[in-house]
Amino acid sequence: MKTLIYQYYRNHALEPRKEEIKDSYLDVGYEYWEYSRKSIEKYAEVCDSEYKFLSNPIKDNLPPFFGIFNPFLEEWCHEYDSMCFIDSDVLATVHAKNVFEYASKENISAHFLKMQLKPAAGKYWFDKGGILNSGVVVFPRAVYTDLIEFCKTINERYKKDWSAPNSKRRQSYNYLGGYDQSYLNFFIEEKDSYTELDKEFNYHLTMYNHKGLWEASLIHFHRLSKKWIDIHFKDKKTLK
C-alpha cells in the first residue's frame, strides 16, 4: 500500500488576505513548525510512508488554514492508497505506532474531542460524537472522490458563512473550531461516516493531562502549547 504523510504551513504575511487571518496565527517567537517537520519526517519512515511538507498557496485564494485539503483541491490524491495529514505543531515519540494500521480503509479516521460545552448550534453533532480534531486525519482512497467534490464547494461555503455572522451555520462553524476543522466536521456529518482514532494519535495538550503525553504516539501542541515544542523536541523521547 502506497501511503503519504503530509504537513502544511504557510506564513500569513505571504497571503493576500493576511489582515483577515492575522488573529488566527500564534507567534511563539520561533519557527515551531520546523521542529514538527523534523520529527514527523522521521515518523513517516516508521510508517514506511512518503513524506511531504507543503507550503504552496491554497487554490481559490483560501486561507492557509485549509492546507489539509490541498491534495483534494489539486486532485493529486489518487497517487496514494491512503494519506495522513499531521498538523505543523505535532511531534512524534520514539515508540510511535503506525497510524495507518489503526485507521479505516472505508472512511475518514480522526480523534474526536469530547467537549463540555454543547451549544444549540450543532448540538446534534456534539451529542453524537464530539468534535473531530483536524490535527491528525487519515484519508483512505475510498473517500477521495467525495472529498474532491466537497472541496469544490468550500470556497462558496466559506464566503457564505463569513457573510452571515449571526446565522446558525456560522455559529456551528465557530464552535467546531473554524477553517479546515469545521468543514471536515461538516463533511463527515453529511456523510454520517467516520472512524474514531484513540487519543494516542492526537494527544491534544489543551485537552489532556501533560503527565500522559509520553505514552502517546503523536503529541499535539495546540495553540499556547506551541511554545513548548522546542523544549520537548530536545527530549530523548521525541522521535527526530
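Helices (H or I, at least four residues) and strands (E, at least two) are DSSP runs, numbered from the N terminus. The model shown here is predicted: local features need pLDDT of at least 70, side-chain atom pairs count only at pLDDT 80 or more, and totals for chains, interfaces and linings use all residues. Residues are numbered from 1 along each chain as its sequence is written, and side-chain values use heavy atoms, with hydrogens and water left out.

**View A. N98 in the loop between strand 4 (90-92) and strand 5 (109-113).** Let us start with this asparagine. N98 counts as buried at 14% relative accessibility (buried is under 20% relative accessible area, exposed over 50%, partly exposed in between; 1.4 Å probe, protein chains only). Its side chain reaches the backbone nitrogen of F100 at 3.0 Å. Leaving aside neighbours within four places in sequence, N98 is in contact (heavy atoms within 4.5 Å) with Y43, C47 and F201.

**View B. Aromatic pairs, of which a search of the whole structure finds 20.** Rings of Phe, Tyr and Trp (its six-membered ring) pair if their centres lie within 6.5 Å; planes under 30 degrees apart count as stacked, over 60 as edge-to-face and the rest as tilted. Y30 and Y35 form an edge-to-face pair, 5.7 Å centre to centre with 85° between the planes. Y35 is partly exposed, at a relative accessible area of 24%. F65 and Y179 make a tilted pair, with 4.6 Å between centres and 35° between planes. This pair links distant parts of the chain, 114 residues apart: F65 lies in the loop between strand 2 (50-54) and helix 3 (70-73), and Y179 in helix 7 (residues 179-191). Y179 is buried, with a relative accessible area of 10%. Both rings belong to one aromatic cluster, made up of F65, F66, F69, Y158, Y179, Y183 and F186.

**View C. Lysines over the rings of Y80 and W76.** A charge sits over a ring if NZ of Lys or CZ of Arg is within 6 Å of the ring centre and within 35 degrees of the ring normal. The charged end of K2 is 5.1 Å from the centre of the Y80 ring, and that of K52 is 4.2 Å from the centre of the W76 ring.

**View D. An open sheet of 6 strands in the order 2-1-3-6-5-7, with mixed pairing.** Strands pair if DSSP finds at least two bridges between them. Strand 2 and strand 7 (195-196) are the edge strands, each pairing on one side only. Strand 1 (residues 3-8) and strand 2 run parallel over 5 bridges, and L4 stands opposite E50 in strand 2.

Conventions:
A polar contact is a pair of N or O atoms within 3.5 Å; within protein, one must be able to donate a hydrogen and the other to accept it, and residues adjacent in sequence count only if both atoms are side-chain atoms.
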